Amino acid sequence: MEKFGKSQPVKRVEDVRFLTGHGRYIEDCAPAEALRAWVLRSPVAHGVISTLDLEEARAAEGVHMVLTLADLQAAGLTTTMDATVVKNRDDSDGAAPERHMLADGRVRFVGEPIAVVIAETLDQARDAGELIELDIDDLPVKLDLQAGGEPLHPEAPTNSAFDWGMGDEAATQAAFEAAAHTVSLQVEDNRIIVNAMEPRGCFATWDEGRLHFTYGGQGVWGTKSQLAAKLHLAEEDVHVVTPDVGGGFGMKAMTYPEYFVVAHAARTLEKPVFWMSDRTEAMLSDNGGRDLTSLAELAFDADLKITAYRVQTRCNLGAYNSQFGQPIQTQLFSRVLAGVYDIKTAWLQVEGIYTNTTQVDAYRGAGRPEAIYVLERVMDRAARELGVDPLELHRRNFIAPGNFPYATVTGESYDVGDFGMILTRAEDEADIAGFATRRAADAETGKLRGLGLCYYIESILGDPSEGAEVEFLEDGRVNIYVGTQSNGQGHETVYAQFLADQTGIPAEMISTIQGDSDRIAKGGGTGGSRSVTTQANATLATVDVMVAAFTPFLAEEMGVEEEAVNFDGETFRAPGSNLTPSMLEAAEMARAKGRLDLLRHAARAQLPGRSFPNGAHIAEVVIDPETGVCTVDRYTVVDDFGNLINPMLAEGQVHGGVVQGLGQAMMEHVVYDDEGQLLTATFMDYALPRAQDVPMIGFTSEPVPSTQNPMGMKGCGEAGTVGALAALANAVQDATWDKGLRQVDMPFTPLKLWEALKDGTKAA
């Protein structure tokens, strides 16, 4: 592992262009002459379209085309969006309603696309859209997370999409019946809007029989395949590019209806077509996150060791099924159901419900908050009801270091961990010993101070394989082609730094090439904290290929046997030769000798298993009962991310994730009225955290290197949010416990806390 010792906190090189206005986002690179697309969206949450008259719109100035579902189908497109069907507990298939690219005669949420206008300018397209005569016969609206109500789909007459379960239900029930103590808590997880800095957008051109499609996403290959399939094109006739992306957070990992319509319009008109969402449009139509409620239960023996864990969850799918994979709630609960605890048996039941809201299958900043939030909230409640210190309860139940590798009750195999060591370091860093003094000082002024702990674990998701390609250019620079996609995480810096660490090539001489399906044949994209670990693994494999390829060439140049040539991470050396070429010098020698085959090297590699980042978040909040204002005063994170390439970037990822978790915990909340109208569709109504809302965030790395990859990495992209929700919620609960509050749910807005403290809520 000594060759990973070069890892240093290097500043992000891409920030220079981002902060000086030289980023290349969708609007920066769209063709100036492109036609503009405008989307007519449903103004109601549920109804049957009785009138859709496009005649005036089609005749309006500057209009080239107005498209509905019927037009797409007449053109031969496959108009159904991809969706995943989840198995029910009885092994039958869950509901499988179709979602079309544009409304199929019925609308199911406010903002559902009905028609798309293509015109010379955006103003012309919008003006023409306002000429469309649209009448919708309203149907009853379904918003609650219970079976029943007006059916959204004939395939789901009770609005139940699936009833999915995992674990051993009978053994779990038996453990609860035999338990010395049981604790339960109903936990609400509020719906949020992703709100990437750059909204979704795309443009397409048709040139000599090929579709060229550019969009802001998290990978080009899945989108390429879907465009080819829906438009009935050969995959080699589809070229997908992703430029700089202003935030993805899972929401931009999937395709959306607008992409296919824009691509079809460009092909039909043989002109560039450009669509860009505005902020309210994004809030109405982007996939959201969270929106679930869970009953969590823990069973303990007389020594307060957990014997069983049980969760029953209802999650909101919105109007349609998740696009790919199991819905986030099921796949992530299954990954971390057992948490970091030595639990003998567990059972999870998740019921998906259709409602008149946008699809809910994305996550923002993290993919595991749903599961960790539920587990750590009920752990905190158990500590309070059983009269034990929360840290002590955690320590009693941690998986011991000597028990790794550890097979969880849900089938995961954790490779390594030292959770007690991490928690002890966090306890010291957070100065928990001084908390009582701080609380007493606040109490003298009438303020309530609370401390909350969350210990999280997550896993790397997605394709475990990835590829890398290294190219030596004539000017002495080097390109590394990668299959992941940066959405702002700093990939350009970290990939160049890692290749530099392994080869001695100066990082400033390395450029990262990403997001182009013509230049990179295959890739897994970005999501699930997979990027750096899988890409570094592929880079190591490529370096091995490079060294193996250069060795016989250099042996001849050095006048030695191949076996004598050694690469030490910076230079090639051999006993008996004075030549010590660096990797760049070796490439120059190969070029001079006409060995162009040595100037490009590629490899694919697959991780043998997932790694499991984990860590402790400790938050302190101060509440003013007179106003309900809750201030996050202190925040400490100690993470085990394994070995780090760039600690500075890891810390930045944690800071961003914590702030996102703070946003949901303290202020963010999606609100619909009784008619399914989104009341939080602007930043005047939907609150995001600002600098004044965020404390200094302490970050400490305590690596326990993973055994599941040669770098010893564990991934860190989503960890901040995973721990933030429960740490903050538990801190608020701690601050209000002695005032009689027994149930308090996010977001902890001043009004909610003021009313709860005023009423002295004692709900169990």
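This is a predicted model: local features need pLDDT of at least 70, side-chain atom pairs count only at pLDDT 80 or more; totals for chains, interfaces and linings use all residues.
Residues are numbered from 1 along each chain as its sequence is written, and side-chain values use heavy atoms, with hydrogens and water left out.

Let's start with helix H19, residues 719-737. Helices (H or I, at least four residues) and strands (E, at least two) are DSSP runs, numbered from the N terminus. One partner of H19 is helix H11, residues 369-386; the two pack at an angle of about 30°, with axes 8 Å apart. Axes here are lines fitted to C-alpha atoms, for helices over the stretch in contact, and angles run from 0 to 180 degrees between N-to-C directions. H11 and H19 are therefore roughly parallel (angles under 35 degrees count as roughly parallel, over 145 as roughly antiparallel, 65 to 115 as roughly perpendicular and the rest as oblique). Their contact (heavy atoms within 4.5 Å) includes Tyr 373 and Arg 377 of H11 and Leu 725 and Trp 737 of H19. By class, that contact has eight nonpolar, three polar and six charged residues. For these classes, Ala, Val, Leu, Ile, Met, Phe, Trp, Tyr, Cys and Pro count as nonpolar, Asp, Glu, Lys and Arg as charged, and the others, Gly among them, as polar.

H19 also meets helix H18 (residues 647-666): their axes come within 7 Å and cross at roughly 40°. That makes H18 oblique to H19. On the H18 side the contact includes Val 654, Gly 657 and Leu 662, while H19 brings in Gly 720, Ala 724 and Leu 728, among others. What classes of residue make up the contact of H18 with H19? There are seven nonpolar and six polar residues, and no charged ones.

Follow the chain on from H19 and you get to the loop between H19 and helix H20 (750-759), which is the place of Pro 747. The peptide bond from Met 746 to Pro 747 is cis, with omega near -10°. Another cis bond runs from Phe 404 to Pro 405, with omega near -5°. Pro 405 sits in the loop between helix H12 (390-397) and strand E16 (406-407). While we're on loops, have a look at Glu 270, between helix H8 (257-269) and strand E12 (273-276). Glu 270 has a positive phi of about 55° although it is not a glycine.

Next up is another helix pair, H15 (residues 491-503) and H16 (residues 531-558), whose axes come within 10 Å and cross at roughly 35°. The contact takes in Tyr 495 and Phe 498 of H15 and Leu 540 and Met 546 of H16, among others.

Finally, the empty spaces. Rolling a probe the size of a water molecule over the atoms shows where empty space is left. On a 1 Å grid over the protein atoms alone, a cavity is a set of points where a 1.4 Å probe fits but cannot get out, and lining residues have an atom within 4 Å of a point. Grid points are joined across faces, edges and corners, and a volume is the space filled by probe spheres set on the points. The count comes to six cavities of 30 Å³ or more. The largest has a volume of about 60 Å³, and Arg 12, Phe 18, Asp 244 and Gln 514 are among the residues that line it. Its lining has two nonpolar, five polar and four charged residues. The second largest cavity has a volume of about 50 Å³, with Arg 191, Met 283, Thr 358 and Tyr 672 among its lining residues. Seven nonpolar, three polar and two charged residues make up that lining.

Terms used: On a 1 Å grid over the protein atoms alone, a cavity is a set of points where a 1.4 Å probe fits but cannot get out, and a pocket is an open set with protein on both sides within 12 Å along at least five of seven lines; lining residues have an atom within 4 Å of a point.
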